[in-house]
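Please open the structure in your viewer and get ready to select a few residues. We will go from stop to stop together.

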Number of protein chains: 2
Amino acid sequence: MSPRKSVQQELTREMIMDAARDLFVQNGYGHVSMRQIAKELGYSHGAIYYHFTNKAELFYAMVQEHFHMLDHILANIMEQELEQHEKLKQVLLGFIEFGLTHQSHYEIMFLIKDEEVRNFINEGPNKSYEAFAKSVYMLCDKKASLQDIWSVFLSLHGFVTHYSRHVVGYDEVKDLARSHVNFLLRSLI
Amino acid sequence: MSPRKSVQQELTREMIMDAARDLFVQNGYGHVSMRQIAKELGYSHGAIYYHFTNKAELFYAMVQEHFHMLDHILANIMEQELEQHEKLKQVLLGFIEFGLTHQSHYEIMFLIKDEEVRNFINEGPNKSYEAFAKSVYMLCDKKASLQDIWSVFLSLHGFVTHYSRHVVGYDEVKDLARSHVNFLLRSLI
DNA sequence: AATGATTGTTGAACAGTGGTCAATAAGGAG
DNA sequence: CTCCTTATTGACCACTGTTCAACAATCATT
């Protein structure tokens, strides 16, 4: 039974997440095993369970980062100096771009049914959605109903989900995204 | 080594699919094992592999049935005597109802990323979508663009996907579905 | 009726999974 | 130089999808 490593290479949450992120982005949630991650790091799989209780917890830790990322992207767009209508368009496109650029993370954020993972997801989506909804509401001169904003979200979600499934990058569907957003804006304003 | 069963109880594709359907509807694709299905049937799991090459093939066989079901639902609505506008509404609502009533099947039809399953899926979705698109096109007096119809589909897909994730039945979101459909129709016509 | 070929079922085996846990050693504190 | 906490290991468990040699039941042919 070989012992633990010396302190300069002690395993950390960060290290695990970094390794997991890479594998995860390449293969998706379902196709990354704890043993793979451990191997990548040069540790035994048991070690990971010292730092994370679960596969689910490990992946959700990464997801939290990405909800923040989404919030930032949105906030950035809001701070730009653009015509209101154009800004609204950018917000919706920004959501799609985020979803298709971080497909694997979008998957856990909004797609995974796995109860174990979902147990960790509570505030994340709600908070992000609230920021999204508020932005859209402002950019519509407060003329849009909450239900309509919700419909917009669901419709963007549909776009991302569909093209995520066929593993397409954002660039490849930029034009379609634009057209979709225009379609949605037509009934929003 | 116990031998095979006598002919009155010989295993068939139908029998396997029936058992699989039940388990699958209850637990979703990822949480049904071949051994479970075999147990349900009173056979060893190896026997299933005589009739289906794969778990993926088994489940896709069921999915094909459900694409036909979706087509029928659509065709039924089209045959009803309704005002055009109302009929269009029913088509869109019909899609959502189908998706939320057969969540597990919708999952494989439109959601699963698994390459193995996707290898079997080729014509199914395309054919169904074409029928859907044609219907919508007709009911709009041929005034809607193909891109808009595609956007409608993606938006319905988003609705189903979202509420599927939270395992809600159609009845519980009927009103929301209606509101979503109205939102979409507003920019379609 | 006997023989042979085909068809269908079994269960052991394989490589993989997530997760647990006793054993063990490294490093710090006294 | 002890004691204690902390981190790591790897055997182990129960499970997964899949393969396949062994074998029996059935059908076809002589």
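Two residues are in contact here if their C-beta atoms, placed from the backbone, lie within 7 Å. Keep in mind as you look around that this is a predicted model.

**Stop one: the core**

Select Leu92(A) to begin. Leaving aside residues up to four places away in sequence, Leu92(A) touches Val152(A), Leu156(A), Val181(A) and Leu184(A). Which members of the largest nonpolar core touch the most other members? They are Leu92(A) and Leu92(B), out of the 91 residues in that core. As background, nonpolar side chains tend to be buried together in soluble globular proteins.

**Stop two: the two chains**

Next, colour chain A and chain B separately. Chain A is superposed on chain B by a rotation of 180° with 0.0 Å of shift along its axis, and the RMSD is 0.1 Å. The two copies are therefore related as by a two-fold rotation axis. Both copies use the same surface, as 100% of the contact residues of chain A recur in chain B.

**Stop three: where the chains touch**

Stay with both chains and look at the contact, which takes 19 residues from chain A and 20 residues from chain B. Select helix 9 (146–165) and helix 10 (174–188) of chain A: each supplies at least two residues of the side of chain A that touches chain B. Which helix gives the largest share of that side? It is helix 9 of chain A, with 11 residues.

**Stop four: His45(A)**

Move on to helix 3 (residues 45–51) of chain A, where you will find His45(A). Is His45(A) buried or partly exposed? His45(A) is partly exposed, because 14 other C-beta atoms lie within 10 Å, and a residue counts as buried only at 20 or more and as exposed at 12 or fewer. Not counting residues up to four places away in sequence, its contacts are Met34(A), Arg35(A) and Ala38(A). Then pick Ser33(A), 12 residues from His45(A) along the chain; their C-alpha atoms are separated by 9.3 Å.

**Stop five: Gln36(A)**

Finally, select Gln36(A), found in helix 2 (residues 34–41) of chain A. Gln36(A) counts as partly exposed because it has 16 C-beta neighbours inside 10 Å. To end the tour, draw a line from Gln36(A) to Ser179(A): the two are 143 residues apart in sequence, and 41 Å apart in space, C-alpha to C-alpha.

Conventions
Residues are numbered from 1 along each chain as its sequence is written. Chains are lettered from A and ligands numbered from 1 in the order in which they are written. This is a predicted model: local features need pLDDT of at least 70, side-chain atom pairs count only at pLDDT 80 or more; totals for chains, interfaces and linings use all residues. Helices (H or I, at least four residues) and strands (E, at least two) are DSSP runs, numbered from the N terminus. A nonpolar core is a set of buried Ala, Val, Leu, Ile, Met, Phe, Trp, Tyr and Cys residues joined through C-beta atoms within 7 Å. Copies are superposed by least squares on the C-alpha atoms of residues with pLDDT of at least 70 in both.
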